[in-house]
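Please read it alongside the sequence and the model.

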Amino acid sequence: MSQLFTFHWQWMLAILGMGVATYATRLSGLLLMRGVVVKGRAKAALDALPPSVLMAVITPTILMTGWAETVAGVITAIAAILRLPLLATMVIGMGSLWLLKTFAG
Amino acid sequence: MFLAYVPLAMLWGALAAAKGFAPLDALAMSFFVYAGASQFIAVDMWKEPLPILLLILTAFIVNLRHFLMAASISRHITSVPKWMQPLLMYILTDEAWALAERRALSGPLSLGFYLGVAGPLWPIWFLFSALGAVIGQAMGNLAALGDFALAAMFITIIAGFWKGSRTGAVIGVSALVALLARFYVPGRWYILLGGLAGVAIAALLHVEEEVQGPVDTIEAGTP
């Protein structure tokens with residue numbers, strides 16, 4: 001029987017803490033920055049934040065797991081650069097990994 | 001537009017279930033955190049013993065971009081009562097922000113328009129997260145699939161942020177530092193270290209434009 005709720009207090013603490021941290025980013029933009037325009041170097045740095053963090057997240061999976069993951073990562077990147085929809089890109093990526101592992105492993 | 005959230009929420013719920021999340025746990029995180037990218041990253045980091053402080057710090061850094069978006073939106077909602085503005089910020093996401101900014105280009109941003117685009121996304125996100133967790137529980141262990149599914153999704157999002165060779169330098173440095181940190185630093189610090197290294201490179205490579213055109217201060221474009 002699968003459960004509906006785990007009641008781990010550490011889990012709830014992490015979730016609430018992440019919620020407060022996230023809301024803090026949104027609220028501080030409203031309260032601290034009324035009318036201030038962020039530009040130049042600070043804006044370039046903040047703009048780079050999402051792709052930079054996401055790349056760091058996937059580095060162990062793509063570059064440190066095995067050659068099949070690396071090749072499938074390149075194939076996924078090509079599909080993404082061709083601007084295929086998100087789900088199509090994911091299917092291509094995961095399908096190519098499965099093919100590589102099944103037939104070339 | 002609302003439909004784009006459904007498969008993402010369900011995928012996130014299924015990946016969370018693979019890490020032991022029950023449906024109400026998934027619902028709680030999507031309800032309280034409500035930030036897609038940081039939730040996917042958190043699930044990736046979710047391992048006992050739970051690195052609670054690192055999870056919170058990472059969520060903060062990953063979502064710092066909302067600081068700029070909120071700042072930008074605040075210019076357009078001055079007609080909304082002050083007490084209501086903090087509530088509007090709670091449901092500010094990349095998608096809601098992009099649509100609201102586009103609207104603000106052609107006229108004032110009304111409370112109704114903002115609530116119309118940002119309002120439904122929140123319940124869609126947390127309800128379908130829970131549904132995804134139910135399906136994930138039923139399908140058993142998706143963890144093996146999950147790692148690469150996450151990578152494939154993030155590759156797609158990174159491509160959406162692509163703005164030329166400087167982006168290449170950012171993700172190259174991020175990957176290199178993350179790789180080294182994964183080898184030499186215990187735990188999951190490689191995410192923050194790699195991410196901040198990429199940001200530092202972006203700041204270093206930044207060249208002030210000679211002519212400031214009438215371009216909006218923040219470009220649209222996070223998926």
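**Overview**

In chain B, residues 24 or more positions apart account for 74% of the contacts with a separation of 6 or more. The model is predicted. Chain B holds twelve helices and zero strands, while chain A holds four helices and zero strands.

**Chain A**

- From the N terminus on, the order of elements in chain A is α-α-α-α.
- Chain A is more spread out than a compact globule, because its radius of gyration is 20 Å, well over the 13 Å that the globule rule gives for 105 residues.
- Along the principal axes, the C-alpha atoms of chain A fill a box of roughly 55 × 50 × 25 Å.
- Buried residues make up 39% of the 105 residues of chain A.

**Chain B**

- Read from the N terminus, the elements of chain B run α-α-α-α-α-α-α-α-α-α-α-α.
- Of the 223 residues in chain B, 49% count as buried.

**Packing of α1(B) with α3(B)**

- Helix α1 of chain B spans residues 5–18 and helix α3 of chain B spans residues 36–45. The two pack at an angle of about 20°, with their axes 10 Å apart.
- Angles under 35 degrees count as roughly parallel, so α1(B) is roughly parallel to α3(B).
- The crossing in which α1(B) passes α3(B) is left-handed.
- On the α1(B) side, the contact involves B:Leu8, B:Trp12, B:Leu15 and B:Ala16. These meet B:Gly36, B:Gln39, B:Phe40 and B:Val43 in α3(B).
- The residues of the contact of α1(B) with α3(B) comprise six nonpolar, two polar and no charged.
- An α-helix has 3.6 residues a turn, so residues three or four places apart point the same way.

**Burial of α3(B)**

- Nine of the ten residues of α3(B) are buried, and the helix is mostly covered.
- Among the buried residues of α3(B) are B:Gly36, B:Gln39, B:Phe40 and B:Val43, each of which also takes part in the contact with α1(B).
- The buried set of α3(B) also includes B:Ala37, B:Ser38, B:Ile41, B:Ala42 and B:Asp44.

**Packing of α2(B) with α9(B)**

- The axes of α2(B) and helix α9 (residues 121–139) of chain B come within 8 Å and cross at roughly 155°.
- Angles over 145 degrees count as roughly antiparallel, and α2(B) and α9(B) are therefore roughly antiparallel to each other.
- α2(B) and α9(B) form a right-handed crossing.
- α2(B) contributes B:Pro23, B:Leu24, B:Ala26, B:Leu27, B:Ser30 and B:Phe31 to the contact. Their partners in α9(B) are B:Trp125, B:Phe126, B:Ser129, B:Ala130, B:Gly132, B:Ala133 and B:Val134.
- The residues of the contact of α2(B) with α9(B) divide into ten nonpolar, three polar and no charged.

**Contact between chains A and B**

- Chain B gives 74 residues to the contact and chain A gives 67 residues.
- On the side of chain B that touches chain A, the elements giving two or more residues are α2 (23–32), α3, α4 (52–62), α5 (65–74), α6 (85–90), α10 (143–160), α11 (165–184) and α12 (190–205) of chain B.
- Of these elements, α10(B) gives the most to that side, with twelve residues.
- The residues on the side of chain B that touches chain A divide into 51 nonpolar, 16 polar and seven charged.

Definitions and conventions
Residues are numbered from 1 along each chain as its sequence is written. Chains are lettered from A and ligands numbered from 1 in the order in which they are written. This is a predicted model: local features need pLDDT of at least 70, side-chain atom pairs count only at pLDDT 80 or more; totals for chains, interfaces and linings use all residues. The radius of gyration is taken over C-alpha atoms; the globule rule is 2.2 Å times the number of residues to the power 0.38. A residue is buried if 20 or more other C-beta atoms lie within 10 Å of its own, exposed if 12 or fewer, and partly exposed in between; C-beta atoms are placed from the backbone. Axes are lines fitted to C-alpha atoms, for helices over the stretch in contact, and angles run from 0 to 180 degrees between N-to-C directions. Angles under 35 degrees count as roughly parallel, over 145 as roughly antiparallel, 65 to 115 as roughly perpendicular and the rest as oblique. A crossing is left-handed if the near helix is turned anticlockwise from the far one by less than a right angle, and right-handed if clockwise. Two residues are in contact if their C-beta atoms, placed from the backbone, lie within 7 Å. Ala, Val, Leu, Ile, Met, Phe, Trp, Tyr, Cys and Pro count as nonpolar, Asp, Glu, Lys and Arg as charged, and the others, Gly among them, as polar.
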